[in-house]
Amino acid sequence: MTKTALRVADLVVRYGGFTAVDRVDFSVETGQITALVGPNGAGKTSTIEVCTGLRPATGGSVALFGRPPGDLSVRARIGVMLQTGGLYPTAKPLDWLTYLARLYSKPADPRYLLTRLGIDPKTRTATRRMSGGEQQRVKLAAALLPQPDLLFLDEPTAGLDPAARRELLETLRGLGDEGTAIILTTHQLDDVEQIADFVLVMAAGQLVATGSVAELIGVDHFTSFRAPPGLNLATLARDLGAGFAVTQPRPGQYLVTGQASPQLLADLTKWCATNGVQATEIKAGGRTLEDIVIQATEPNP
Amino acid sequence: MTSSWARTRAHTGWELRLLLRNGEQLLLVFIIPVVLVLALGLTSFMPGGIDSAISKVLTISILASCFTSLAIATGFERRSGALRFLATTPLTRAQLLMGKSLATAIVTLLSAIVVVLLGITLGWHPGGSWPLAVLIAVLGCFTFASWGLFLAGALRAEAVLAVANGVFLALLLFGGILIAPSELPEVLGVVIAFLPSAALADTFSLILIGPLNNLNLLLQPVAVLMVWGAAGAILARRFFRWE
């Protein structure tokens with residue numbers, strides 16, 4: 001059974017006369033991975049900062065497990081990875097995590113966490129002398145250390161190599177499956193497509209689109225495939241039947257708009273076979289999350 | 001959840017570890033006082049010899065560890081975002097400040113022990129009231145720490161570094177420590193006597209050199225320290241920013 005881990009209601013954050021977050025409203029359930037995406041300056045980090053108690057809200061309310069941000073009982077249950085900073089530059093990773101572990105009642109084993117994230121616990125290197133990716137992993141280890149019920153990650157995969165990134169995404173998916181609520185901000189939209197249960201798209205301080213990845217990319221409404229450019233779109237649309245339109249957004253990439261179904265896939269491949277067309281990458285959900293975010297955040301003409 | 005005291009202890013230990021592994025801090029807190037005891041105690045540069053030198057160097061130890069070292073370390077912790085991250089953990093602001101204070105007090109105590117032992121080795125004969133000296137040292141720590149935290153919390157790290165070192169040098173040379181206010185021209189001496197450095201050095205010299213028969217002599221320097229300490233604490237509370 002899921003419970004609400006985070007409730008954000010009508011949140012407003014202003015810096016002087018500038019409104020960074022404008023009446024944002026959402027909630028995160030236990031076990032749910034929620035991605036907060038949008039361009040730079042959209043208000044993502046300000047939203048996270050209010051939720052983690054680092055910044056007061058100008059208006060609206062935020063509750064974590066029914067308590068206000070910054071409440072001591074809340075701070076014992078959350079893990080936070082900040083976008084910038086958050087490490088003692090002169091400290092060694094194991095020393096830093098061992099100290100942090102003493103602040104929590106049931107922390108994870110610092111050595112295990114570091115090893116799992118690809119940092120040698122015995123390293124004598126101070127964090128300031130580590131690469132950006134290594135620093136990122138130490139910060140992530142610090143966020144995971146409390147074994148949190150609610151995890152805030154601001155750009156967690158920035159600076160990670162592909163293998164470390166995949167490992168991290170698998171770790172997060174595992175935590176979500178175990179009941180941890182996770183809210184992450186990122187510009188890596190393929191990461192979001194892989195692991196997010198719910199997506200919040202922000203632009204200019206407002207939520208401009210929300211939904212599951214499937215809902216946003218229209219997995220039931222679009223089918224895409226690749227084939228040599230110059231197909232006869234009119235005959236394809238006619239042969240697919242009423243209710244379907246076919247477009248070629250980019251040369252060699254085709255988009256069928258209409259209710260996706262096994263019958264549609266059968267008709268499409270049959271048409272290709274009849275017409276000697278070698279189609280590849282046939283998939284439901286022809287739009288990417290990137291398309292959605294760009295479209296949702298474009299200023300109105 | 002871990003207890004409040006356990007978290008305070010954890011943070012005290014963490015601060016101590018950072019302090020004792022930092023070469024610049026060790027220079028400020030241990031090496032400079034030792035060099036000054038040797039320089040002032042073994043030369044005729046300062047009237048009063050080693051007896052006079054110890055009270056001055058104890059003041060310098062407190063100034064170095066509770067003001068300069070604390071301000072610089074805290075300023076850089078702010079810049080690195082470490083304090084900001086800690087604000088999301090169960091460590092409260094009060095526990096963090098308490099941990100910092102205890103670590104600073106322990107380092108100051110260690111520094112003072114080194115100074116006193118070195119002084120005794122060089123022929124210093126401590127007199128006066130040690131319990132009173134400890135009380136004054138605590139007041140001096142509070143006063144300088146409040147200003148150190150105010151500075152660290154209000155300025156950028158690079159500015160903290162410059163100002164903390166600048167103030168340290170200025171107080172050392174012209175703040176009534178090496179040259180007592182009574183030895184300066186009258187007007188200047190009166191003004192400098194109202195600096196916390198002069199007040200602390202004056203109090204230590206009154207207490208440590210011999211039995212203090214007239215406690216009223218302590219009233220002015222102790223009041224000066226208290227006023228500076230209260231002002232620093234108010235300013236730190238008002239202007240300290242965590243990021």
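pLDDT is the predictor's confidence in each residue, from 0 to 100. Helices (H or I, at least four residues) and strands (E, at least two) are DSSP runs, numbered from the N terminus. This is a predicted model, in which local features need pLDDT of at least 70, side-chain atom pairs count only at pLDDT 80 or more, and totals for chains, interfaces and linings use all residues. Residues are numbered from 1 along each chain as its sequence is written, while chains are lettered from A and ligands numbered from 1 in the order in which they are written.

**View 1. Confidence along chain A.** Chain A has a mean pLDDT of 90. In chain A, 97% of residues reach 70 or more.

View 2. Domain 1 covers 4-216 and domain 2 covers 219-285. These bounds come from an automatic or database domain assignment. The C-alpha centres of the two domains lie 40 Å apart.

**View 3. Strand E3(A) and its two faces.** Ile33(A), Ala35(A) and Val37(A) point one way. Thr34(A) and Leu36(A) point the other way. In a regular strand the side chains alternate between the two faces of the sheet.

**View 4. The partners of E3(A).** Two strands pair if DSSP finds at least two bridges between them. E3(A) pairs with E7(A) (residues 181-185) in the parallel sense, over 4 bridges. Here Leu36(A) has Thr185(A) as its bridge partner. E3(A) also runs parallel to E8(A) (residues 198-203), joined by 4 bridges. Ala35(A) stands opposite Val199(A) of E8(A).

How values were computed:
A residue is buried if 20 or more other C-beta atoms lie within 10 Å of its own, exposed if 12 or fewer, and partly exposed in between; C-beta atoms are placed from the backbone.
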